[in-house]
Amino acid sequence: MAIKIIDTFRNPDNYVFIPACCYAGNQFDVLPYSYPPMFRPEDAKIDMQVTVTDVPRLEKDGSGKIEVTTGDAAVPCVGVFSPSAGRAVLVFTVQQIEGRNIGLAYEGGKIPLTWPARREKVYGMTKLFENLSQWEDLPAEIPCRVLDFPCESLARFFRVFFENRKIMGMDASPPKTLSPEKQAEIQLKKFNEMNWHEGLGIYMVGTDRSHFQVWQPGWVGGAMSGYALMKLGGKRETERAISTLCFLFSTQCESGFFHGVADNEGNFFGDGFNVEGAERWHLLRKSADVLAFLFKHFDLMKKKGIPIPNEFAEGARRTADGFVRLWKKYGQFGQFVDVHTGEIRVGGSAGPASACAGLAKASAYFGEPEYLRVAEEAAQSYYDGFLSKGYTVGGPGEILQCPDSESAFGLLESFAVLYETTQNPKWLGYAKECADFCSSWVVSYNYRFPEKSEFGRHGMKSVGTVFANVQNKHSAPGICTFSGDSLLKLARWTGDPLYRELIEDIALSIPQFLSTDENPIYDWNTDPALRDGDPALIESHKLPAGFINERVNLSDWEGERCVGGVFNGSCWSETSNLLTLAEVVPFSDVSLLHSF
């Protein structure tokens, strides 16, 4: 086994970092719950300390070790920052040697790089398992670059990382994909034929009408895809998007927030994953996204000359008021609330960060300065309590509070909107810091997928895909769930080409994962060598035209067979692509448009 050990410094205040895998050493409280992990009423606290599942991590005192592979990271890199020493180290390497991934590790101030990857424990779906495989003694020279630099803050640390995340010179060329017009044509057809629920009058979150969940607001769901479809489509899409908003407001509770789930018959359920005592819990990130997207709808309706019904405006006001009440009572928005009363059940997260953007928009729309005051106070709190500490948590509803990219991009959206609204340079500075941090979740190079995998067969490229969180160890096509236009705005405001490069990487990565009739994608349960067999069987494993699956597995967290493959499912990445087509592609420069 080849081993290269880089000494850094052993300080108790070390911030340990592996992109999309480890933030602050993942040194948080732990609840080792199986998937889908969900807080139980006895766990719930308003002043919740960040609590994660059994992911690779250090102990809270900094002891222990983390051992992963390059497939677990968005960038093959390990970093350490010591505030007391005023110094940081970033170690970059390549993905693999001779088809086998390199190991990334940290223990006691040392960064070992190993090949083949050495792991005493292997991570899989919320749990670390003993690794029973034998390590091999194979000679190799492990290439790396070590950046050792004076560093006074995490903002500086992530800026240096952002500037150097492609330093190893691995292939980062963009894919060639369908034109934006062709993508829109395929996806509009798919959403109108497969996602439209005539009985409820909504664009569904998925395509299976027998499924328990056909609707959820925000968090990849309702009142998000409809906005993009209204913008990209015509009369039919506009009418259906407005109908979807009508249904949304029929789900609004007295708190101002919205029921988290509806089934095929329109029955409402909570976001507690059937945990006893959590039936009324609502993942507040959902209502936060709704508030932000309602004003996107309103702006677009105004441009189209469509009157905004009073019930829509007053519904938006009730949601904004719900967030203001939360802030005044608790000084935070929390993570889970009682959907009827609005009382916090689980606090201490950055999950609803997009609410700050919604409140800022509400302030301008209604002429209500109180909304802007709360938006600014909450955004400052998110900066102080999370971003300045090098992590954001609470975006997804089924990872407890593992660090995640969704809350980070939601916070970026809010900082950008606050700068647009107030022109206060503080918010621009925070937006830049947040974007630099967000870059750590975005894959910087093209992973070498197994030749026999579906992605290997298609020659798919991973650059620009976005990791979801440190628990669900897959990258994905697009940001969950924003277009990333805030990065495009930052590029214009600052003139920094790195922000433009980042949004171009993200935008161009998504459509290559779009299954089409001409170039279908098959799931990981079919053998390419047998595709000349039973046509009906083969067809059952083919993703229909318009499907984009969320899985871009670089990691073996679901097993080696799932690296470079997908399950047969329609996912939120379709909405992400629609939003990108609606908000980024039309307003980008020619370099992005010509890349399609």
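Mentor: Helices (H or I, at least four residues) and strands (E, at least two) are DSSP runs, numbered from the N terminus. This is a predicted model, where local features need pLDDT of at least 70, side-chain atom pairs count only at pLDDT 80 or more, and totals for chains, interfaces and linings use all residues. Residues are numbered from 1 along each chain as its sequence is written, and side-chain values use heavy atoms, leaving out hydrogens and water.

Trainee: What joins β20 to β21?

Mentor: Two bridges do, and the strands run antiparallel. Pairing takes at least two bridges, so they qualify. Val337, for instance, has Ile344 in β21 as its bridge partner.

Trainee: Which are the edge strands?

Mentor: The open sheet goes β19-β20-β21, with antiparallel pairing. Its edge strands are β19 (281-283) and β21 (344-346), since each pairs on one side only.

Trainee: And where does helix α5 lie?

Mentor: Helix α5, residues 284-303, lies across β19 and β20, at about 50° to β19. Axes are lines fitted to C-alpha atoms, for helices over the stretch in contact, and angles run from 0 to 180 degrees between N-to-C directions. Contact means heavy atoms within 4.5 Å.

Trainee: Why is Pro112 called buried?

Mentor: Buried means under 20% relative accessible area (exposed is over 50%, partly exposed in between; 1.4 Å probe, protein chains only). Pro112 has 11%, so Pro112 is buried. Pro112 lies in strand β11 and touches residues including Lys4, Ile5 and Tyr106.

Technical notes:
Lists of a residue's contacts leave out its neighbours within four places in sequence.
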